[in-house]
Amino acid sequence: GEVQKKLDVLSNEVFIHRTECNGNLAGMASEEMEGPRQIPQEFSRGKYLLVFDPLDGSSNIDVNVSIGTIFSVLRKVGHHRGVSEQDFLQAGRAQAAAGYCVYGPQTMLVLTVGEGVAMFTLDREMGSWVLTADQVQQALRNLERGDRGSPEQRQLAGRGGDSQQLQKLATVHVHGALLENE
């Protein structure tokens with residue numbers, strides 16, 4: 001779809017550099033790559049596949065709209081060496097983890113590792129993530145039933161309780177926590 005921008009390419013390179021040497025991945029694929037990337041031989045290979053869009057919404061930067069990173073972690077199926085496009089073609093329910101990171105005045109990470117959805121906010125002074133909400137899934141169900149929720153839930157939903165916005169945040173893809181907790 002979109003025309004690649006220099007910022008997209010740079011973001012992709014940073015993402016690759018920060019993830020390919022951690023020993024957890026067998027391969028990765030992104031919107032910015034022609035095809036899957038196998039982890040180079042000089043690095044240990046793990047049992048996970050990373051799929052990501054390093055800078056989703058970059059075409060909207062000039063209009064001051066939020067941008068972010070979408071990522072998904074899949075388990076590598078089979079014991080064959082290397083990775084192919086087929087390795088990445090798995091059902092969504094096969095994901096090991098999924099989420100989205102939104103960058104802006106406030107940096108937020110929305111994460112699921114299969115049971116519920118949690119939201120974290122980056123505390124820039126401490127350099128760490130603070131749990132903001134740990135029952136986003138329940139708030140989403142309530143919003144879908146027509147309950148606009150508490151003021152805090154409406155704030156989480158962004159636009160005054162817009163369940164579509166919350167759904168987008170709650171169903172996209174992430175990588176970090178699962179790999180950190182191995």
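Reader: How many bridges join E5 to strand E6, and do they run parallel or antiparallel?
Author: In this predicted model, E5 and strand E6 (residues 108–112) run antiparallel, and five bridges join them.

Reader: Which residue is the bridge partner of Val102 in E6?
Author: That's Met108.

Reader: Is strand E5 mostly covered or mostly exposed?
Author: Mostly covered. Strand E5 spans residues 95–103, and seven of its nine residues are buried.

Reader: What about E4 and E5, how many bridges there?
Author: Eight bridges, and E4 and E5 pair in the antiparallel sense. As an example to look for, Thr69 stands opposite Cys101 in E5.

Reader: OK, zooming out. What order do the strands of the sheet have?
Author: The order is E2-E1-E3-E4-E5-E6-E7-E8, in an open sheet of eight strands with mixed pairing. At the edges sit strand E2 (37–38) and strand E8 (128–133), each of which pairs on one side only.

Reader: Where's the parallel part? Which strand does E1 run parallel to?
Author: Strand E1 (residues 25–30) runs parallel to strand E3 (residues 48–56), and five bridges join the two. Gly27 stands opposite Leu49 in E3.

Reader: What do strands of a sheet pair through, anyway?
Author: Backbone hydrogen bonds, and the pairing can be either parallel or antiparallel.

Reader: Switching to helices. Which strands does helix H1 lie across?
Author: Helix H1 (residues 6–19) lies across E1, E2, E3 and strand E4 (67–75). Its angle to E3 is about 150°.

Reader: Which residues make the nonpolar surface patch with Leu10?
Author: Leu7, Val14 and Ile61 make it together with Leu10, and the patch is about 330 Å².

Reader: Last bit, the whole thing. How many helices and strands does the protein have?
Author: Six helices and eight strands. Along the sequence the pattern reads α-β-β-β-β-α-β-β-β-β-α-α-α-α.

Reader: And what share of the residues count as buried?
Author: 42% of the 182 residues do. The accessible surface of the protein comes to about 10,900 Å², and 49% of that belongs to carbon and sulfur atoms.

Note on methods: Residues are numbered from 1 along each chain as its sequence is written. This is a predicted model: local features need pLDDT of at least 70, side-chain atom pairs count only at pLDDT 80 or more; totals for chains, interfaces and linings use all residues. Side-chain values use heavy atoms; hydrogens and water are left out. Two strands pair if DSSP finds at least two bridges between them. Helices (H or I, at least four residues) and strands (E, at least two) are DSSP runs, numbered from the N terminus. Contact means heavy atoms within 4.5 Å. Axes are lines fitted to C-alpha atoms, for helices over the stretch in contact, and angles run from 0 to 180 degrees between N-to-C directions. Buried means under 20% relative accessible area, exposed over 50%, partly exposed in between (1.4 Å probe, protein chains only). Patches are made of residues with over 30% relative accessible area and no salt bridge: like charges are joined within 9 Å, nonpolar side chains (Val, Leu, Ile, Met, Phe, Trp, Tyr) within 5 Å. Accessible areas come from the Shrake-Rupley method with a 1.4 Å probe; for residues, only the protein chains shown count as cover. A salt bridge is a side-chain nitrogen of Lys or Arg within 4 Å of a carboxyl oxygen of Asp or Glu.
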